[in-house]
Amino acid sequence: MSRSGAHRVEKGGQLDRARKVSFTFNGRALVGHVGDTLASALLANGISVVSRSFKYHRPRGIFSAGVEEPNALLRVEIDGLAVPLVRATLQPLVEGMVVTSENCFPSVDFDLGRIFDRVHGLLPAGFYNKTFKWPNWHTYEDAVRRMAGLGTLPTGDDKTSFFRHHLRCDVLVVGAGIAGLAAALEASRAGAQVALIEQDGELGGRALHERVQVEGRTAKSWIDAAVSELARAPRVRILKRTLVAGYYDHNVLTALDLSDKEHPDGSVQRFWIIRAREVVLATGAIEQPLVFAHNDRPGIMLAGAMRTYLNRYGVAAGRRAVIATNNDDAYRTAFDLHDAGIEVAAVVDARTNAARNIEEGIQQRGIKVLRSSMVVDTRGSTTLKAVAVDELANDGRSLGANRVWIPCDALAVSSGWNPTVHLYSQAGGKVRYDSSLACILPDNCRQRVRIVGAANAEFAVSSAIASGTHAGREAAAESRPVPRDAGREHRSETNGIRAVRRAPQASAARQWVDLLHDVTTSDIELAVRENFVAVEHLKRYTTNGMAVDQGKTSNLNALAVLSDLTGRGIETLGTTTYRPQFMPVTFGAIAGGATGDLYVPPRHMPAHRWHVRHGAQLDDYGGWKRPACYLRGAETREAAINREVQAVRTALGLFEGSPLGKIEVRGPDAARFLHRIYMNNVTSLQPGKVRYGLMLNENGIVIDDGVFACLSPEHYLVSTTGANAERIAGWLEEWHQCEWPDLDLVLMPVTTQWAVLTLAGAAARTLLQQLPGDIDFSAAAFPHMNYREGQLAGRRARVQRVSFTGELSYEISVPANEAEAFWDELMQRGAQLGIAPIGLEAWLVLRLEKGFLHVGSDTDGTTNPLDLGFGAMVQKKAGDFVGRRSLLRTADQETSRRQFVGLEPVEAGASLVAGAHVISTSPKRSQGFVTSAAFSPTLGRSIGLGLLERGHARIDEIVTVFDEGRTLQARVVKPAFFDPAGERMNG
Amino acid sequence: MADRLVEMDAHPRRAKVRLRIGMSAANEAVRYGLPGMLEAKTSGEVTVLSLGPDQWLLVSDQLSAEKLIAMCASEFATVRHHAVDVSAGLNCATVRGETAPALLSMGAGIDWSTRCTRTRFAAVPVVAHRHHETSFDLYYDRSFADYLGQWLTHALRDPFLNR
Amino acid sequence: MLQISCPYCGVRDEEEFRFGGESHVTRPALDVDDRVWADYLFNRINPKGIAYERWLHSYGCGRWFNVARDTVTHEILAVYLMGAAKPQLSEVTPAREAQPKRVRTSEGSLS
């Protein structure tokens, strides 16, 4: 196992040293403290190699202390739930967690994958576009896919609970560092409703790990006071360990809340959707590394991170450290280490001098500084052993003569801090590169957003407070104009940076730019040679910045290298687009618990419980859970369906049709309105009568069929198919509200107020006449296609005598909450008449035997009423209706169109299948297809319906039907297979 | 967790009538004493909830639906209107207690401080009536009862509600 | 996710609404030729800039209304009632308030 010089220091840090936490790493038992992250605990235990790099399988150590971590992505298992690609720098240490390195075999310390490093010359950027070609890609595909990737998915159920929350506020402050806290305080004091969201488990940002003074106090003291005031403020909500990952239009943002990720009752992830009147981004900055040969060794770390581990976690990154920098800020690492008793071998500064106070600090401590110098190479295999330092020549760009090797086990690197502008950019904000500050800056944004603190390159504490306070005040005030420019008043300090990021090449040794994707400067050089010089092309060709860290520590350096190679200033190169999410967000969190049974609400019919209790096989039909059939004993579904069909044909069936759409239309213009909507004549319908109608869209396509009843001259009841209930109600509203608002009527959908129980079969009338009530069911008083309402079995009832099955049939509507009791009563009273409950599958077979159209099955997006044989009805209709003009088009009237027909197999035992095509043999093409098919127990054979070119003129023709390689012969017939005259339903 | 924070079918015998009047008459609605958008009004034994500029939900625990419809018939005799009994198809759930606003904010991102509102709550259309500071009636279609119950059971398990 | 200001209910999430395509499309009479009818059925302006659109507050009040929206920035410039005339808006707009301009007409009340 690799050991480094990293260790826990005796004093210092903000941990609870009294409380220990045990965990394992690659099988080894280790111990840390409450307050540690996984990364700090690994460092404290002297672990050097934590992972192997993506492509070359090079040993890697912990590089940072935050979201930007490119190396320490580990598999973490807590309570049996294993998650890959966890950033060790963000994962709190949890008792009993099992941590494993992935992308290595057999172990992270001895990985066979190192072979890839040996042959790295064969694996430059885009190599896969040039190799794996013979004999073809698929020969290699399997192996390559197995080797690609950084982690394996866990198996088994995800026991995490996911919840979604919505949050509304006046002012959203993202980031609770000094600037963010200042903004939140000011907005809160101004009376605004404030939400403060911080990604860390503690508030305070970088000030938690720096030895700085804030407004004359220690950082901790200032932070504590601020937090205390905010916690007591009633209109302030604080979310910790919550990361704002997406910024969308209209100041809508999303955040992933992991504050209960280790909850004792089970892991929880919470997704927040936030609507803020104003947003203040205080998202800080991310330190950038230097680029030099072998800059990816374990032991090399960002300078600020080294300080974080020391000051916050009491962990020293090594025993003898070198600091390499091009700016003042990194000197703090030298000072902090020195003051904690850790040896600082040297500071290697690319500049000639530092700021005055820095120079004083160096003098006081007697630290050695190598000026105008850069680290150009490193040594050591699984842990850093030494670094090579060269002086820069007078031109500042090439190397001088005096190379020294400095032994050390920790190297802190810094090429300056880069504002975290991702959310600003997602909001539509523009960013630009500033050469004096040598970083990317927010420039302007149309949304109601302000950006403060290090995120706006306001690096000094005083600037951060001033800027945050100003933004908080402005944001809290209502109706301020949209602030466009990011504002530069508070930016003055530059940290003395000199924009040298890459050491001149000392040898052929590789210089890393993107650690996670293993992209080196030679890859960028290759891209430039092949003319991929636009920044978007460079990114995609080299994959720099495309890994799961999204280039947080590599995008800027890649731009710098590109700038060097092309001779164009970085400010002219542009940046790639930032898109949500800033950090990975699980799909489960986004779904927020709407998975499994909660994915789509299944609707239950009023008599649902009766069906469940009586053997119903429930399936999903148009969003409703409905009985497909009712199983008796050990019968199969097929047997049940056949039995139910025969029950209706020979005795009596009871079917629940409650999802059928029901819409009341009331007013003097009701008939006129419906006359414009339906293809059929409406105005001629008398009270008490029911008529079948088709609705078309403006393109003449059939969108629904159903019946409409006239209750009185100013009161109509429209029925729609079950699947279209809401859609047609909306259709009617749209025409009334938008096109004909002057028609005097009101619409009232009543679909779910009424349960519909349909009695079908020769005994239907007999049963109804046995029930007490005031409706006359005799044949003369209540003919087919009529409507009656009144009392039935002590309930309010609306009865329509319509038939979907071709039998004597009554659709009875009763109030939905009485459905179960009424159903029970009908079943009991109908027992000696042979009543049986009927499922939807049998219902559809019954209608198929009659050749009755089922819109959506027998029609598609091209079927017009002429195709269905309703030409004569259209002719007789007077006046305009929706879709009429389309039916006048020549193409709509062609007889060569697919027309609605019936089909019967010629051979006795053959079966038609819906979806089969009717084909001609020369030329071999489809002439149409089977739209519905079933075995008819009534007729003892397979029957079907279809849409066939010139179908109406081809009755009795024998055609060839093709289905998955088999063919059969079928006769084209008129759709009515059973009782074509309709004697049963009209009786 | 608060006792009886959620009750799925809190008022099974409550009468509910949906009233709609012609849009051209909607201006006059205030003259008839009907509440404006996002408002609710209680007068005697009837509470009227606004569903839209031209629609209201009349609810009563004392009067029957027939009585409410008859009241509409006489009040709006000269105005194009239609009043329908919707008691059978609508359930009324109550959500009450300190955590009510937080629980409701899991289902929809609206401003829950309005007195009466219609929105999409956990994928279900609801009419919400805030009759007290932390007490809400949610009217929803009975066909969603099972789903909504499951959804609320799931949501109540979030430890956030107990903080 | 857009925040749309329904003229009756106030600002709500886009999820509560249904988009209804271009507004101010006139339905032709029965006697127009095929070209005019096809234009009505299939052709829409699709501007890069201000679009005048119909929206339905399906999960709220159930009313249709009109919206003027910048298709490039998604800013909503005006909300006005169904049937009202297209408002006069300039293409280049100065810094705007957070709330979109509301246009009142004679129909109904805006609360």
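**Domain and chain interfaces**

Me: Between domain 3 of chain A and domain 4 of chain A, how many residue pairs are in polar contact, with both residues at pLDDT 80 or more?

Reply: The model is predicted, and the domain assignment places domain 3 of chain A at 289-414 and domain 4 at 505-568. The count of salt bridges between these two domains of chain A is zero. For residue pairs in polar contact, both at pLDDT 80 or more, the count between domain 3 of chain A and domain 4 of chain A is three.

Me: Which residues of domain 3 of chain A lose the most area to domain 4 of chain A?

Reply: The C-alpha centres of domain 3 and domain 4 of chain A are 24 Å apart, and twelve residues of domain 3 are in contact with twelve residues of domain 4. Together the two domains of chain A bury about 970 Å², with 60% of it on carbon and sulfur atoms. On the side of domain 3 of chain A, 44% of the buried area comes from the three residues that lose the most, namely Pro289(A), Val291(A) and Asp296(A).

Me: Which three residues supply 40% of the area that chain C buries against chain B?

Reply: Chain C places 14 residues in contact with 16 residues of chain B, and the area buried between the two chains is about 1300 Å², of which carbon and sulfur atoms give 51%. More of chain C's share than any other three residues supply, 40% of it, comes from Arg12(C), Tyr59(C) and Arg63(C).

Me: Which residue of chain B forms a salt bridge with Arg63(C)?

Reply: Between chain C and chain B the count is two salt bridges, and the side of chain C that touches chain B has four nonpolar, five polar and five charged residues. In the salt bridge of Arg63(C), the closest N and O atoms are 3.1 Å apart, which falls within the 4 Å cut-off. The partner of Arg63(C) in chain B is Asp54(B).

How values were computed:
Residues numbered from 1 in each chain as written. Chains lettered and ligands numbered in written order. Predicted model: local features only at pLDDT ≥ 70, side-chain atom pairs only at ≥ 80, totals over all residues. Heavy atoms only, no water. Contact = heavy atoms within 4.5 Å. Buried area = accessible area lost by both parts, 1.4 Å probe. Salt bridge = Lys/Arg side-chain N within 4 Å of Asp/Glu carboxyl O. Nonpolar A, V, L, I, M, F, W, Y, C, P; charged D, E, K, R; others polar. Domains from an automatic or database assignment. Polar contact = N/O pair within 3.5 Å; in protein donor to acceptor, adjacent residues only side chain to side chain.
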